[in-house]
Amino acid sequence: MSLSFAYDLLMYILARIYEFIWCRDKPIPLKCLVGKTAIVTGGNAGIGLATATVLASRGCRVILADCQNGESSRDQIIASTDNKNIVYKHLDLSSLQSVRNFAANICKTEEKIDILINNAGIGLTKRLVSVDGLNYLMQVNIFGAFLLTHLLLEPMKKAKQAKVIFVSSVLANFHSLRAEKLNITDFEMDDEHQILLYSNSKACCILAAQEFGKKLEKYGITANSIDPVGVRTQIFKPLGDYNNWLMKSFLMVGLQLAAQDVLDVANCFLNVAIRNEPATNGKNYVLSHIGRKPTILMDRKLCQDLWSKMEDLVELKPEEKIVS
Ligand SMILES: NC(=O)c1ccc[n+]([C@@H]2O[C@H](COP(=O)([O-])OP(=O)(O)OC[C@H]3O[C@@H](n4cnc5c(N)ncnc54)[C@H](OP(=O)(O)O)[C@@H]3O)[C@@H](O)[C@H]2O)c1
């Protein structure tokens, strides 16, 4: 166990104890969201579906961006909220072309985007390489969202105070992030690599929120990440095939102890997504409270290197890059 990992883990545990003892749940602003438009990636299941439902219940126009089953989720949200302003659009984050097609359609059809919730993600997967030749898990969990956020900049600028959210995880503290190892595809995908990749992807989500937060502030756009702690969703299904019993037990016991109600978590997403305080930018929230980030993200050079590497991996055109 490396020293920085042990330090991150200890700090995380202390922060959680502090929050448990001292922090009361923050009241959620009673804002009406009629006239606002939100995109929720991975909106057809789990935390994404709950978040889309909570946004819809405030009158928000919600675009469910997912690769399948969007119509039935859309109908379910309309039935439970009476908000008919819900649409489903196809988005497959494992394909750069699909992200480009989705973003082009949004730029053509939507006047503005007020809230972008980069929620979609996968847990463990044996799939190694995407159609673009990138690491599959990294592409679904972060590269796709990184590209999407760039491509939606114009409609977000039009919203004046747009909000971007990335979804992080406590497992971000287990990362082994290096710029040169951001997109590794030449290895045997065993259990250890799956967890490591997931941890790296979630650390990158925190990094993306931090860096987008800095770069987009001048447009009045804020970006934050949120760790939902633990919710029993389909994301844990592949754990059944996982052979590392120590890590498997850790995750299962952790989930058992920390499991949150999915609607409570969705309300925490809403809470961060509709706050307007300037302090709510570039942070990593644990539910509704500002949490800590992996120490490595204080290294400016590393953050810049990771950012440039991601720009290259998702093949951003020079004019699509955000100038600081
Ligand atoms: N649950 C937890 O305890 C927990 C803890 C920490 C962080 N998280 C994070 O929370 C987020 C939501 O997870 P969840 O627990 O709600 O999992 P989930 O129930 O499995 O939902 C994930 C969603 O992402 C979608 N998705 C998967 N691959 C996609 C792709 N290539 N393109 C577009 N959408 C895709 C899924 O669509 P399909 O249904 O069509 O596959 C699904 O709608 C993830 O980023 C996850 O890493 C969850």
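**View 1. Helix H8 is hardly covered.** Among the 14 residues of H8, the count of buried ones is zero. Keep in mind that this is a predicted model. How far apart are the end C-alpha atoms of helix H8? They sit 19 Å apart. That agrees with expectation, because 14 residues (245-258) at 1.5 Å a residue should span 20 Å.

**View 2. Eight strands make up an open sheet.** Reading across, the order is E3-E2-E1-E4-E5-E6-E7-E8, with mixed pairing. Strand E3 (86-90) and strand E8 (289-291) are the edges, so to speak: each pairs on one side only. From one strand to the next, the twist averages 25°. As a reminder, strands of a sheet pair through backbone hydrogen bonds, either parallel or antiparallel.

**View 3. Here strand E1 meets strand E2.** E1 (residues 37-41) and E2 (residues 61-66) run parallel and are joined by five bridges. Pick out valine 40 and look across: its bridge partner in E2 is leucine 64. Helix H2 packs on the sheet too, touching E1, E2, E3 and strand E4 (115-118). The direction of H2 makes about 170° with that of E1.

**View 4. Helix H7 packs on the sheet.** H7 (residues 191-216) touches strand E5 (163-167), strand E6 (222-227) and strand E7 (284-286). Its direction and that of E6 make about 160°.

**View 5. The ligand sits in a shell of 28 residues.** Which residues are closest to the ligand? They are Gly42, Gly46, Gly121, Thr233 and Ile235. By type, the shell divides into twelve nonpolar, 14 polar and two charged residues. Helix H2 (residues 46-57) turns up again, giving the largest share of the shell, three residues.

Definitions and conventions. Residues are numbered from 1 along each chain as its sequence is written. This is a predicted model: local features need pLDDT of at least 70, side-chain atom pairs count only at pLDDT 80 or more; totals for chains, interfaces and linings use all residues. Helices (H or I, at least four residues) and strands (E, at least two) are DSSP runs, numbered from the N terminus. The expected span of a helix is 1.5 Å times one less than its number of residues. A residue is buried if 20 or more other C-beta atoms lie within 10 Å of its own, exposed if 12 or fewer, and partly exposed in between; C-beta atoms are placed from the backbone. A residue is near a molecule or strand if its C-beta atom, placed from the backbone, lies within 6 Å of it. Ala, Val, Leu, Ile, Met, Phe, Trp, Tyr, Cys and Pro count as nonpolar, Asp, Glu, Lys and Arg as charged, and the others, Gly among them, as polar. Two strands pair if DSSP finds at least two bridges between them. Axes are lines fitted to C-alpha atoms, for helices over the stretch in contact, and angles run from 0 to 180 degrees between N-to-C directions. Two residues are in contact if their C-beta atoms, placed from the backbone, lie within 7 Å.
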